[in-house]
Amino acid sequence: MSNEVQRLYPSTKMSIVVAVILFTLMMPGYIYQYSVLPIFIILAFVSGVGTKFLSAFLKSIFVIVLFIFIFQCFLIPADTVLWSKGILTLYKEGLDASLAMTSKIIAISSSLIWFFLITPIKDIMFALEKAGFSKKFTFVIYSTIQLIPQMKDLSHTILEAQKSRGIETEGSLIVRLKAFLPMLGPLVLSSIQQTEEKVLALEARAFSATVRKTSYYQMRKRSVDYMISILMIIALVIFVWWRFFK
């Protein structure tokens, strides 16, 4: 049986993400923003994607955040020096700015990583169509999201084919470049061919027809979806009132 969190309607999960992003942007300081990460780590494990979440975060966002933190703290000169040794100088203004900036990046990125890990692309497309978006628009979104994974799989297949023909694909940087450059031609041509095949497959399914279309795949909002969405709206209204009008 699928995880109950994963079974939530895509717009429900997106309402959580939007609420977190708005809270992050409007909340002063950085303590709340940093606290979002452990919350989403727990939520990811509850959702059944904890290991994937940590892997995706450490391989991408952590490296970016670390680079920004070091650059902001040590390489941008300011007035107040907190620590200095040799060519390294830590400035108070740089530290405050880096904490504020990286905390927002961590909070927003962790919510988005969680959303895309527990929400299949087909669910997102279905929800967009039910929301009134045209099938052409949803197809463009779907193709854009799938482009990088498809190119990655295709390049792996081409590299394996090159290995089977005795071409060196591993070793020094020069060896890798020599193997990569001949791969570009087949990669581009195969991508164009796949695009043409998709167009033919879509037209065979009457994609351009103006008649009303049906789908075997169905999703329905449950009472818990409405409840979570309403709670997110109420929380945002209360927060905006507390932050700006109290």
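The model is predicted: local features need pLDDT of at least 70 and side-chain atom pairs count only at pLDDT 80 or more, while totals for chains, interfaces and linings use all residues. Residues are numbered from 1 along each chain as its sequence is written, and side-chain values use heavy atoms, with hydrogens and water left out. Helices (H or I, at least four residues) and strands (E, at least two) are DSSP runs, numbered from the N terminus.

Helix α1 covers residues 10–26. Its 17 residues reach 24 Å from the first C-alpha to the last, close to the 24 Å expected at 1.5 Å a residue; the expected span of a helix is 1.5 Å times one less than its number of residues. The buried residues of α1 are Pro10, Thr12, Lys13, Ser15, Ile16, Val17, Ala19, Val20, Phe23 and Thr24. Here buried means under 20% relative accessible area, exposed over 50%, and partly exposed in between, with a 1.4 Å probe and protein chains only. These buried residues of α1 pack against α2, α4, α5 and α8 (223–245), where contact means heavy atoms within 4.5 Å.

One of the residues in helix α5 (residues 121–130) is Asp123. Asp123 counts as buried because its relative accessibility is 6%. Not counting residues up to four places away in sequence, Asp123 touches Pro10, Tyr217 and Met219; Pro10 is itself among the buried residues of α1.

Helix α2 (31–47) is among the elements covering the buried residues of α3, as are β2 (88–91) and α4. Within α2 lies Ile41, which counts as partly exposed because its relative accessibility is 23%. Setting aside residues up to four places away in sequence, Ile41 touches Phe53 and Leu54. Ile41 and Met232 are 191 residues apart in sequence, and their C-alpha atoms are 20 Å apart in space.

Helix α3 has 25 residues (residues 50–74), so at 1.5 Å a residue it should span 36 Å; its end C-alpha atoms are 33 Å apart, which agrees. A kink of about 40° in α3 is centred on Leu58, the bend at a residue being the angle between axes fitted to the seven residues ending there and the seven starting there. The buried residues of α3 are Gly50, Phe53, Phe57, Ile61, Val65, Ile68, Gln72 and Cys73.

Helix α6 also has a kink of about 40°, at Leu147, shortly before the proline Pro149. With 30 residues, α6 should span 44 Å at 1.5 Å a residue, and its end C-alpha atoms are 41 Å apart, which agrees. The buried residues of α6 are Thr138, Leu154, Ser155, Ile158 and Gln162. Ile148, by contrast, is found in α6 but counts as exposed because its relative accessibility is 66%. Ile148 and Glu203 are 55 residues apart in sequence and 24 Å apart in space, C-alpha to C-alpha.

Helix α7 (residues 173–204) contains Gln194. At 30% relative accessibility, Gln194 counts as partly exposed. Leaving aside its neighbours within four places in sequence, Gln194 is in contact with Gln150 and Leu154, and Leu154 is one of the buried residues of α6.

Helix α6 (135–164) and helix α4 (92–118) each supply at least two residues of the lining of the second largest pocket. A pocket is an open set of points on a 1 Å grid over the protein atoms alone where a 1.4 Å probe fits, with protein on both sides within 12 Å along at least five of seven lines; lining residues have an atom within 4 Å of a point. The space in this second largest pocket is about 430 Å³, a volume being the space filled by probe spheres set on the points, which are joined across faces, edges and corners. Among its lining residues are Ala56, Leu112, Phe116, Ile148, Pro149 and Lys152. By class, the lining has nine nonpolar, one polar and one charged residues; Ala, Val, Leu, Ile, Met, Phe, Trp, Tyr, Cys and Pro count as nonpolar, Asp, Glu, Lys and Arg as charged, and the others, Gly among them, as polar.
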